[in-house]
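Please set out the metal sites and one surface feature of the structure shown here.

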Amino acid sequence: MKAVLFEAFNQRPKLVNLPDPTPEPHGVVLKVEATGVCRSDWHGWVGHDTDIALPHVPGHELAGVVKAVGKDVTRWKTGDRVTVPFVGGCGACPECHAGHQQVCHHQFQPGFTHWGSFAEYVSLHQADLNLVALPESVGFATAASLGCRFVTSFRAVVDQGKVVAGQWVAVHGCGGVGLSAIMIANALGANVVAIDIAEDKLALAKSLGAAVTLNARSVASVPEAVMEVTGGGAHVSLDALGHPETCCNSILSLRRRGKHVQVGLMLGDHSTPAVPMSRIIAHELEILGSHGMQAHRYDVMMSMILSGKLKPELLVGQEISLEESIDALMTMDRFPGTGTTVVTRF
Ligand SMILES: [Zn+2]
Ligand SMILES: [Zn+2]
């Protein structure tokens, strides 16, 4: 199969030919029809992710068709259209038994713990537990855009933030994660304040349902500006970028007893940001993480997609080839363009 492979961190990946994978007894091999390019891939490529063993094939936002099925798999057959969350469960640890596969003790993460989907084929583990059926009306590029940023935002807003209609939700950073969160919070009936430094991203945020947009460069203090437009602070605030400054701004944007959800990754030099703990205590703030979403929670999200309340296809930016994914991966830290870049030509 054709695949994008890197043999050293920070060195240009190559398009190479590799042997086709065979399925694990509990797994499947998928013919990849679409795979998103994500900032997490960039983090992995520069060496921020200790799960990655070299040489490595990146790619974790994928959708495709089942090509081969392991002998112990009961729920899937060749030809099935499927996708997966970026964190798969092992099926045997206490968290998996409790239904929290997104924090499994022995996670299967294609493109991190194992070779990923910047390839014609990818091997997926524990298929009965981790695969999600794709309705015919959801295209592969849209489905690929769900597995990482969209589901993490869905879990952040719905399951962690527990956002309800009428609440103010602040979203710091309007990349793929932030725009997803804005769409989801708006669909729930919340009032969204979107914050970014790029006017084109703020315009997109507005079109996806943000009630108010704030350019962080044109206000003296982001938290004070959020306090003002929300009449006392957000009920729920998300750092959708993953940066010490947006993390701190998000916490300081909250009203009393509000919830901060960290959605953007904090890796490398940013892994231990300073947080205003005195405010967290005095205002009884909650600090939460969001790390993917279990396959069994896709049902709720899919029904909102099929009913038209959520339109993840609006977040798909450009579609590119596998060869073009190399340059796209290497420049992901510079936040180019708006929307998700998806490989759809292999
Ligand atoms: Zn991702
Ligand atoms: Zn597990």
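Predicted model: local features only at pLDDT ≥ 70, side-chain atom pairs only at ≥ 80, totals over all residues.

Residues are numbered from 1 along each chain as its sequence is written, chains are lettered from A and ligands numbered from 1 in the order in which they are written, and side-chain values use heavy atoms, with hydrogens and water left out.

Donors are N, O and S atoms within 2.8 Å of the metal (3.2 Å for Na, K and Ca); water is not among the atoms, so sites may look incomplete.

| Metal | Donors | Distances |
|---|---|---|
| zinc ion (ligand 1) | Cys38 (SG), His60 (NE2), Glu61 (OE), Cys148 (SG) | 2.1 to 2.3 Å |
| zinc ion (ligand 2) | Cys90 (SG), Cys93 (SG), Cys96 (SG), Cys104 (SG) | 2.3 to 2.4 Å |

The site of the zinc ion (ligand 1) is tetrahedral, with angles of 95 to 122° among its 4 donor atoms. Four donors count as tetrahedral if all angles lie between 85 and 135 degrees. Its donor residues follow the spacing C-x21-H-E-x86-C in sequence. Histidine 60 and glutamate 61 are buried, where buried means under 20% relative accessible area, exposed over 50%, and partly exposed in between (1.4 Å probe, protein chains only).

The zinc ion (ligand 2) also has a tetrahedral site, its 4 donor atoms making angles of 99 to 118°. The spacing of its donor residues is C-x2-C-x2-C-x7-C. Cysteine 93 and cysteine 96 are both buried.

Methionine 277 lies in helix 10 (residues 277–282); helices (H or I, at least four residues) are DSSP runs, numbered from the N terminus. Methionine 277 counts as partly exposed because its relative accessibility is 47%.

Conventions: Helix = DSSP H or I, 4+ residues; strand = E, 2+ residues; numbered from the N terminus. Tetrahedral: all angles 85-135°; square planar, octahedral: opposite > 155°, others 65-115°.
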